[in-house]
Structures are given as C-alpha cells and as structure tokens.
Amino acid sequence: MIAQQLFSGPSVDWWALAPYLIVVGGALKLMVIGSLTSRWPKGLTAWVTVVIATVAAAAVVLNWRSIGTDGTSSLVNGALAHDRLAAFLHLAILVTTALVALLSDGVLRGTENDGPEIYTLLLAAAAGAMVMVAANELIVMFLGLETLSLAFYVLAASDRRRAESQESGLKYFLLGGLASAFFLYGIALLYGATRTTTLTTMIDRLRTVVTVERNDALLLAGLALLLIGFAFKVAAVPFHVWAPDVYQGAPTNVTAFMASVGKIAAFGAMLRVLVVALPFYRDDWRPVVWVLAVLSLVVGSGLAVVQTNVKRMLAYSSVSHAGFMLIGVEAAGHTAGEVFPTAGMRAVVMYLAVYAVLVVGSFAVVTIAGGAGSDINEFDGLGSRRPILAVGLTVVVLAQAGVPLTSGFVAKWGVIQAAVDEGSYWLAVLAMLAAVIGAFVYLRIMVSVWLRTPTAEVERESVPMLTGLVIGLAAAATIAVGVYPSLLLNLVDALPLTHR
Amino acid sequence: MTPTTTWYLVLAALLFGIGVVGLMVRRNPLVMFMCIELMLNAVNLSFVAFARAFTDIGGQTAVFFVMVVAAAEVVVGLGIVISILRRRPGASIDDLAELRG
C-alpha cells in the first residue's frame, strides 16, 4: 500500500525510446540466438547488425519531427534528453556502427573470432554511446560511459591470437577505470554542490541560488574532475597517453570503432555537461578547454609526424582532431547559456559526424594493406598493386588533412570560423598551423602509397567485398559532403543552439 | 566530538587519493585493479555522506548503480587479466611493453 504510494513510476514515452530499445534488444537477441544455433552462414551476423542499426536509425528519423525545437523535452522523468542534438548524434553513432559491422566482417571472416560476440559488443557499445550523448542525468551518463567503455575494453582485447591485443585491452582497462573513477568523483562533488544529478534541475538551481550560497569550491572541483574524465575519453593531451598504444594494439576494426563512436559519445556528453548544464561557469571551464585544445593540436600533429606505424600515426592524428573539436567547444563556451549563442556547438557536431566516417574509411584500408604490423612500409607501392583501393585511401586521408572539396575541409572550416567569430584568433592560427603539420603526415602516407616501390616482392592484397564497400561508401560520403556541404549543413542547422 | 559530514568527505578524498597513488606506483595488474575499486568506493562514501547531509535519497540510489558498474568492471577486468596471465604467468605491467613508440 505504502509502496504503491511511494513508487508511482515515471511516464515512459516508449516510441521515443525505440532507438535505444532496438539496439539493446537487438544486441541481446543476437547474442542469445547466435549462441544457441549452429554456425551462421558467412557474413549473416554482420548484416543482422547492420539491419538492427538501420532500423534504430529509422526510428530516430521518424522521431525527428516530433522533437520540440526548443530542446526542453526529456524522457523517463528527466533521465534522457529528447532533443535534436541527441537525435543527430544517434544517427551518426548508428551509421558508424553499421559501417564498422561491415568492416568487421571483412576482418573476422574465417578467423576463430567470427561469431556473434564481436557484433553484440559493437551494438552494446553503440547503446552506451547513445545513452551517453542523450543523458540528462549524470548517473545515467556514467552508466552510458561504462557500457561503452566495458564493451571497448573487451573489444580491444578480443584478438586472443595476438599478445598486443591483450596488452592494449589491459592498458585501456586500467587507464579507463582511472578516468571513470575521476568522472564519477566529479559527479559526486557536483551532487554535493547542487543537491541534484539531473542536469536541467542543476541549471535551475544554479540560476536561482545567489552566488554567495553556491558551493563554488565543491562545484569547481567537480567540474575539474569531470573535465579530466572527458579529456581522457576524447584522448586530449595530456590525457592521451593510452590512445597510441590502444589504437595500435587493438584489432584494426575495433580501433576504427573506438576512434569514431568513442569520440562522438565523449564529445556529445561533454557538450551537454559544459554548454547545456554549466553555462554559468563558462568562464571557469573555457580556459581549461583552450589549454586542452592547444596542447592536443600541437602535440597530436607533432608526434604523428615521427611515427612509423600507420595505426599510431592515425592515433596521434585523432588526438589532433580532438584538438580541432575542442576549438569548437571553446567557441561554444563564449556564449553558452545566452539567448543567441554562436555556432560553436554546431561546428563540433558537424566535425564529429564527418570525422567518424573518415576515420572508419582510413582504418578500413589499414585492415587490408597494413599487414601484420601496420608499418608504413607495408603501404609502399599500394597504388600500383591496388589502384582503386589506393584512390579510396587518398580521398579519406586527404579529407583528414582538410583538403578543399572534401568533407574534412568543411568540418575544419566550421570550427575555425566559430573560433574566429568569437575572437579566439590565437586558437584559429594554431589550428591552421596544426593542419599544416598534420598534412605532412598524410602526405607521407600518400608518398608511400603512390611514389615508393616496395623493397621486397609483395603479394597483391585481397580486398574483402564488404571492406571494399565500407571504403567506397566512406570515400563517396567524403566527396559528396565536400562538394555539396549543404547536404550536412542543412541537417546541422536544424539543431537548436539553446537547450534551455 | 561527533563526526560531521566533512569528516566523511575528507576520508573519501583520502581513500580516493590512496587509490590514485596506488594505481601509479604498483606494478601488479590485480593490485592496480583493486586501487580502481578503492577509488569507486571512496566516491560511494562521498555520495552517501552528501545524501545523508541533504536527507536526499538520490545520492544513496546512485551508490547502487556504482556498485553494479564496479561488479561489471570486475568481470571484464579479471577476464582480461586472466587471459594475459595464462599466456605469460606472473606478468607485471612492466612486462607488457610491446606497444611503444
């Protein structure tokens, strides 16, 4: 009787929750059915994963119109935000997951790892990422982060034949656990400062409580710890040390997944906490983001130059890409919480969607041409052995460098313009310098592919059909968005800039 | 002198600090792993201390979620550690240095 009075459950909009339910339910079904039945026909698991991701993406699209543009609606008693920022990032996550599932089939087919496990983990990580970018509750965000991270740890260690894979799994696990603990401590301190873990309640409390009564010391300490957690997850310098080792050691299809979906999830959550929930403290967190951005740009592109392993090269370049996205966050920080904020947030979201596709495409080529060690020499003469593959690689790599008429240029333009609009000229200048240094890395790959001849006789790489499909799709999307930026810009412009 | 909320918060901060230092200085993967658990439980202590001070149930509920997450981390972490130790018995974190550059 009393229990009934106390626990009246929150009203749940099941239709709006459908994308999450489809992904989680699909992952569980895939695992259970996959382990109860005998071996599936080759490639079926990957296609089932693609179908699950596509259906979930369709549910997101169907929900799109019903979402209020003022960005105030939430689901399950305020646990999840129901806004277009979340919906757009969900689409990016689901599309990337589908691409990585296809890529994984190319890598895993015929090995002992071919089975439902890897695909289940991909979907579980995608579900965690979806929760993370939509979380309106810090504990829910933490749960999303952990769902994502735990799946990543297992995926990184999943190649049991290679000692490097296990080593990278353990390293990622220990450092990731450290970062999660910092993140959680930050949540606890924010709770201590504001008496709530719900972001929308938090901003109301901070708005109404006068400055003297605010517990600023606790709140700032919590903010700092949260920033450490986020900086670790996006691999921003100085919290990037795990990234090169883990990217190199993990199976390449998993690396592609971590670099794409991991970044989307972490930046989505970061935007929500910093810009949406804590705009009153923007003058406190913006300088920190500035420093992280500068360090990531300089160290990321600087260290990428001296690498000889392509996966490490791409890992450091992903650190530098994180720096570019942080520029957008910094720009968003100038006007966070105002009635007419500037486009920093849109620039970050745009960059995330573009980068996710580029990085999956790049690592897809590495799965074919990288050989066992992914050394840069393995790419020598790829242009003469596999010209079409080399063209695909050229497109995605030049896009990462930010060459005009590719999507990478549109993305970089967005964040640099956002920085210039806000008067962060130094950041813009540094970003362009970093882009130039970064271009050297990508040109080095190009030189190896097109101009150099291998020292020894190399067997012609075999290209699995699905991997080829992924590279083709990534390259096509890169060119399409590069030539017609409005394809993506119109979608991004539909995102509301204010969330309260 | 009765313990106030601050005492518990200071204790939690100390435990968290011990966990961080332990993770940095110890070389056995299992001990490092225990340090992470120590950090999570230190956070739990601060959650409960705050919840008690605010007489708010929210902080105490959070602890349950954290416990579940910690348990899930144990499963994954031990799985990875065991698969490594099976390959190389007695490996410390310094032995795992194939990835560098």
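Good morning. I begin with the core of this predicted model. The largest nonpolar core contains 234 residues, and Val348(A) and Val360(A) are those with the most contacts inside it. Helix α14 of chain A, residues 344-369, contributes the largest share of this core, namely 21 residues. To take one of these two valines in detail: leaving aside residues up to four places away in sequence, Val360(A) touches Thr96(A), Leu99(A), Val100(A) and Leu103(A), together with Ala256(A), Ser260(A), Val470(A) and Ala474(A).

Let me now turn to chain B. Its secondary structure amounts to three helices and zero strands, and from the N terminus on the order of elements is α-α-α. For its 101 residues the globule rule gives 13 Å, whereas the radius of gyration of chain B is 17 Å, well over that value, so the chain is more spread out than a compact globule. The C-alpha trace of chain B spans about 50 × 25 × 25 Å along its principal axes. As for burial, 33% of the 101 residues of chain B count as buried. If we consider contacts in chain B between residues at least 6 apart in sequence, 47% of them join residues at least 24 apart.

Which residues of α1(B) are buried? They are Ala12(B), Phe16(B), Gly19(B) and Leu23(B). These four cover an arc of only 55 degrees around the axis, which puts them on the same side of α1(B). Thr6(B), Trp7(B), Leu14(B), Val21(B), Met24(B) and Val25(B) are exposed, and they lie on the face of α1(B) turned away from its buried side. What do the buried residues of α1(B) pack against? Their partners are α7 of chain A, residues 163-194, together with α2 of chain B, residues 29-54.

That brings us to the contact between the two chains. It takes 34 residues from chain A and 32 residues from chain B. On the side of chain A that touches chain B, α6 (138-156), α7 and α10 (242-249) each supply at least two residues. Of the elements of chain A, α7(A) gives the most to that side, with 17 residues.

Note on methods:
Residues numbered from 1 in each chain as written. Chains lettered and ligands numbered in written order. Predicted model: local features only at pLDDT ≥ 70, side-chain atom pairs only at ≥ 80, totals over all residues. Buried ≥ 20, exposed ≤ 12 C-beta atoms within 10 Å, placed from the backbone. Arc of directions from axis to C-beta. Contact = placed C-beta atoms within 7 Å. Rg over C-alpha atoms; globule rule 2.2 N^0.38 Å. Core = buried A, V, L, I, M, F, W, Y, C linked by C-beta atoms within 7 Å.
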